[in-house]
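Colleague: I am new to this structure and would like to go through it step by step. Could we begin with the strands and then move on to the helices and side-chain pairs?

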Amino acid sequence: MSLRLLPRLIPRRSCSLVACYNGPATRSLSLTAPTRFLHTSFRPQNSHTSLTNILASDTPLAVQIASVTEEGILLEDGLLLPAACILLDGKVFLWDVPDKTTQWGREHLAMFEVVVPRPEILILGTGAELVHPPPSFRSYLTDLGIQVDVMSTRNACSTFNLLAEEGRRVAAALAPIIPRRWQKSLIR
């Protein structure tokens, strides 16, 4: 079957968002849009080449973690985070917490009071080994409606990547493998 038979098989009027052969004179394929829309709020784009992904969500792309080393947490985009951080809604926040998890308190999680929507799960990476934070730390997050999973930072990064790829509302609070603090400098 050659392309010359295509106009006879699929007349141009019956094409609706399918490729139609325009004949031997132009030797090109074109897309024709339907003349009747199913949704009344649909506004066609000005550009004939713009496409809309109807399967994409409005949520921002999640930050993905490439690896965890003694130097810090390496993100997929090449950013190396040498100290503690919080990953939330596709953003990275510097997290100023004490080196020992036993000294962590409610004040270190105050940002979760104002975040809308709140994550359904907070993955808490405690460094090289699993160390449970104080009970008040977990109960504070539970009162906010956030489930807490505590694990080592390596496991927390893997779990965060997996849940983020599934499209879950997940946040990660990660301490580095080797405890370091962010260097504070004066901003002029």
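**Strands, helices and side-chain pairs**

Modeller: Leu122 stands opposite Val148 in strand S9. Please keep in mind that this is a predicted model.

Colleague: How many bridges join S8 to S9, and do they run parallel or antiparallel?

Modeller: S8 and S9 run parallel and are joined by five bridges.

Colleague: Which way do the residues of S8 point?

Modeller: Ile121, Ile123 and Gly125 point one way from S8, while Leu122 and Leu124 point the other way. All of these residues are buried.

Colleague: What does that say about S8 as a whole?

Modeller: Five of the five residues of S8 are buried, so the strand is largely enclosed by the rest of the structure.

Colleague: Now H3, please. Which of its residues are buried?

Modeller: Phe137, Tyr140 and Leu141 are buried in H3. They cover an arc of only 95° around the axis, which puts them on the same side of H3.

Colleague: Why would residues a few places apart point the same way?

Modeller: An α-helix has 3.6 residues a turn, so residues three or four places apart point the same way.

Colleague: What do the buried residues of H3 pack against?

Modeller: They pack against H2, S8 and strand S9 (147-151).

Colleague: And which residues are exposed on the other side of H3?

Modeller: Pro135 and Asp143 are exposed there. H3 is followed by Gly145, whose phi is positive, near 85°.

Colleague: Where does Arg138 lie, and what does Arg138 touch?

Modeller: Arg138 lies in helix H3, which covers residues 135-143. Leaving aside residues up to four places away in sequence, Arg138 touches His132, Val148 and Val150. The C-alpha atoms of Arg138 and Val148 are separated by 6.7 Å, and these two residues are ten residues apart along the chain.

Colleague: Is Arg138 buried, exposed or partly exposed?

Modeller: Arg138 counts as partly exposed, at 33% relative accessibility.

Colleague: On to aromatic rings. How many aromatic pairs are there?

Modeller: The count comes to two aromatic pairs. In the pair of Trp104 and Phe137, the ring centres are 5.7 Å apart and the planes are at 45°, so the pair is tilted.

Colleague: Where do Trp104 and Phe137 sit in the chain?

Modeller: Trp104 is in the loop between S7 and H2, and Phe137 is in helix H3. The pair links distant parts of the chain, 33 residues apart. Both Trp104 and Phe137 are buried.

Colleague: Which residues form the aromatic cluster?

Modeller: Trp95, Trp104 and Phe137 form one aromatic cluster.

Colleague: Last topic, then: how many salt bridges are there?

Modeller: There are two salt bridges. Asp96 forms one with Arg181, with the closest N and O atoms 2.8 Å apart. That pair links distant parts of the chain, 85 residues apart: Asp96 is in the loop between strand S7 (91-94) and helix H2 (111-114), and Arg181 is in the segment after strand S10 (170-174).

Colleague: Are Asp96 and Arg181 buried, exposed or partly exposed?

Modeller: Asp96 is partly exposed, with a relative accessible area of 32%. Arg181 also counts as partly exposed, at 43% relative accessibility.

Colleague: Which side chains meet in the other salt bridge?

Modeller: Those of Glu120 and Arg168 meet, at 2.8 Å from N to O. Glu120 lies in the loop between H2 and strand S8 (121-125) and Arg168 in the loop between H4 and S10, so the pair ties together parts that are 48 residues apart in sequence. Glu120 is partly exposed at 29% relative accessibility, and Arg168 is partly exposed with a relative accessible area of 35%.

Terms used: Residues are numbered from 1 along each chain as its sequence is written. This is a predicted model: local features need pLDDT of at least 70, side-chain atom pairs count only at pLDDT 80 or more; totals for chains, interfaces and linings use all residues. Side-chain values use heavy atoms; hydrogens and water are left out. A salt bridge is a side-chain nitrogen of Lys or Arg within 4 Å of a carboxyl oxygen of Asp or Glu. Helices (H or I, at least four residues) and strands (E, at least two) are DSSP runs, numbered from the N terminus. Buried means under 20% relative accessible area, exposed over 50%, partly exposed in between (1.4 Å probe, protein chains only). Contact means heavy atoms within 4.5 Å. The arc is that of the directions from the helix axis to the C-beta atoms. Rings of Phe, Tyr and Trp (its six-membered ring) pair if their centres lie within 6.5 Å; planes under 30 degrees apart count as stacked, over 60 as edge-to-face and the rest as tilted. Two strands pair if DSSP finds at least two bridges between them.
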